[in-house]
Amino acid sequence: MSDTRRRVKVYTLNEDRQWDDRGTGHVSSTYVEELKGMSLLVRAESDGSLLLESKINPNTAYQKQQDTLIVWSEAENYDLALSFQEKAGCDEIWEKICQVQGKDPSVEVTQDLIDESEEERFEEMPETSHLIDLPTCELNKLEEIADLVTSVLSSPIRREKLALALENEGYIKKLLQLFQACENLENTEGLHHLYEIIRGILFLNKATLFEVMFSDECIMDVVGCLEYDPALAQPKRHREFLTKTAKFKEVIPITDSELRQKIHQTYRVQYIQDIILPTPSVFEENFLSTLTSFIFFNKVEIVSMLQEDEKFLSEVFAQLTDEATDDDKRRELVNFFKEFCAFSQTLQPQNRDAFFKTLAKLGILPALEIVMGMDDLQVRSAATDIFSYLVEFSPSMVREFVMQEAQQSDDDILLINVVIEQMICDTDPELGGAVQLMGLLRTLIDPENMLATTNKTEKSEFLNFFYNHCMHVLTAPLLTNTSEDKCEKDFFLKHYRYSWSFVCTPSHSHSHSTPSSSISQDNIVGSNKNNTICPGALRFMRRIIGLKDEFYNRYITKGNLFEPVINALLDNGTRYNLLNSAVIELFEFIRVEDIKSLTAHIVENFYKALESIEYVQTFKGLKTKYEQEKDRQNQKLNSNRFRRDAKALEEDEEMWFNEDEEEEGKVVVAPAEKSKPEDDFPDNYEKFMETKKAKESEDKENLPKRTSPGGFKFTFSHSASAANGTNSKSVVAQTPPATSNGSSSKTTNLATSVTATKGSLVGLVDYPDDEEEDEEEETSPRKRPRLGS
């Protein structure tokens, strides 16, 4: 029971005068040796870590507010608050604080920090003068009252004394009665004095006074007093705005009268702080910290009360998704949820989690899918704000929803595709909505915040989903804009949508092919047609390779997407320009970062075309890296074979040496078919050694054979044939492909792409055990993109 009583939330006031939630825990008061005194300790309920350690200073002013709050200042501009779950716990800790400071627990505030001069003046005051004597509350005394209130603001102790006097004598209600009289008499001077008085009382920063001033009985008269600023020629009309212009709309009738009153009060107090009161000066900025706290904790209470009313929220969702709901009503419902989500930011983390999980359970995401596609700009804007709260809270929750949705819906109506379309079709000249949606989309596809558990990997699942269901929507505008004068639309769609081809060729007739089939004659090395590569596409590929993610690397090699980049480099010739530098930098990055899979792919498929480039050492460096990796793999292979043979020898020796023995009446039978007598041992051992040597000799014959210094002979499947020609600028793989007879041609295509015996990645070393599979694949070779001369 004591744990529940002492359960608290810790808050600190930030530079923007907003309360930051520091966590939830359990508070205790105990003596701390390091601090040399009784202290307040709060330990987190989640892990027991220390959230707060604060010595109860005899001179610190502690305030008790709203029965469950204790607020104080640790230092200049550093305010703290404890919000208790139960009143009993707050009373218990308050008694401890008052005990340390020697105060009566019945007080709402202990004392204020005062400087030495103020303290000296206070000590000189007669003991009988505990409270400030207030003038009689009459019209002819208003100027005197205004002077008194203004004069105490610079003195903390006098502010406290005045606050106590105002509270004890019910003085505020008497002042508001005088306001009504002055307004009826059109007493402008009296109204100006009342403005100064009420404004000064607000700056006393006392929660007990706020509770009186902001009650239903008094708040509109308080607003009325603040209309008569002496600096203005004409009074403002704040009451008219609050009562006539600002209408409280109940999207669903609120039956709880306490909740309705709390909503009205919070709106009006927020209006006073934001609109009526002038921006506080440096001297006054700390005077309204309690007013900020008052609003903050009101919002917390509102969200909690609404969240607990499941019937209310269910009805709101039902009307929001009902097709019969008219546009005006739906707009009000969306705006309500926007405010609701904004208020939820005041909740502590675990309560905020429960809040958003409740919304998700009730169907907030399907509802957003409907309203984000509406024509009403205001509705879409509010829905985007709600969506941003959800993405910020839990990107994984949104991802899980859209992946489940894809199993039941078409791509066009998926929530994430609706978001993309809204981003693309933003009509705002400054693209405010598009920028906001772009940030949310980036958060959703960011691998860094994706979860990886033993049962699933969110990264691979969601990215696969996104490429298959959403990428074509995201790239559609790019493809549309480039297809008219850069390339044929279908060709580009196929390559971008399914394999991220990075080539943008002139408008010629292309063979419509997938990445694993032949590329048209217009796009081969040595073609007379000019090849171009889209600068956006090259930067895109560089960015992807910069991630050094094997998921993307496998995709690039599988689609043979380096071929158009190399074509562009070779077509550029000896020109030293931005294209040349960008492509060289791309390959240099691969070399420096030693990306092995890409290095192997480039050397095995394109080195013959690149070895003539000697003005940089990039490609020779790639070849060196490739050969070093082959040597390392070869050494590893030999090491593995040695360990395997040693193990086999050990097993064979154990088999030979095991004999039938009787031990303590038990028979031990050797693994061999038949036990051997001791006399046969020498002959059998010689046979064993001969067998072993023969096996070792056979293994050596099966090792990869060097065909040239630093090179190995590999077995790959190649394209079925290539044309012969006398003036051929051949670009070949390490093992030349079979050729078909034919007359000489001006253009010769030789296969350069090689396919590993298994999968899409090329192995560095062939194993003897794979020969049968190699022979099977060589009988039915796969076609790959061709790189010709």
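Which residues make a nonpolar surface patch of about 250 Å²? The patch is made by Y31, M38 and V100. The model is predicted. The points below cover V100 from this patch, then I386 in helix 17 and T599 in helix 28.

- V100 lies in helix 2, which spans residues 87-101.
- The relative accessibility of V100 is 34%, so this residue counts as partly exposed.

**I386 in helix 17**

- Helix 17 covers residues 377-393 and includes I386.
- I386 counts as buried because its relative accessibility is 2%, under the 20% cut-off.
- Leaving aside residues up to four places away in sequence, I386 touches V334, F337, K338, C341, I364 and L368.
- One of these contacts, L368, is 18 residues from I386 in sequence, with a C-alpha to C-alpha separation of 8.2 Å.

**T599 in helix 28**

- T599 is placed in helix 28, formed by residues 596-610.
- With a relative accessibility of 3%, T599 counts as buried.
- A polar atom of the T599 side chain lies 2.9 Å from the backbone oxygen of I595.
- T599 also touches I590, L622, K625 and Y626, when residues up to four places away in sequence are not counted.

Conventions
Residues are numbered from 1 along each chain as its sequence is written. This is a predicted model: local features need pLDDT of at least 70, side-chain atom pairs count only at pLDDT 80 or more; totals for chains, interfaces and linings use all residues. Side-chain values use heavy atoms; hydrogens and water are left out. Helices (H or I, at least four residues) and strands (E, at least two) are DSSP runs, numbered from the N terminus. Buried means under 20% relative accessible area, exposed over 50%, partly exposed in between (1.4 Å probe, protein chains only). A polar contact is a pair of N or O atoms within 3.5 Å; within protein, one must be able to donate a hydrogen and the other to accept it, and residues adjacent in sequence count only if both atoms are side-chain atoms. Contact means heavy atoms within 4.5 Å. Patches are made of residues with over 30% relative accessible area and no salt bridge: like charges are joined within 9 Å, nonpolar side chains (Val, Leu, Ile, Met, Phe, Trp, Tyr) within 5 Å. Accessible areas come from the Shrake-Rupley method with a 1.4 Å probe; for residues, only the protein chains shown count as cover. A salt bridge is a side-chain nitrogen of Lys or Arg within 4 Å of a carboxyl oxygen of Asp or Glu.
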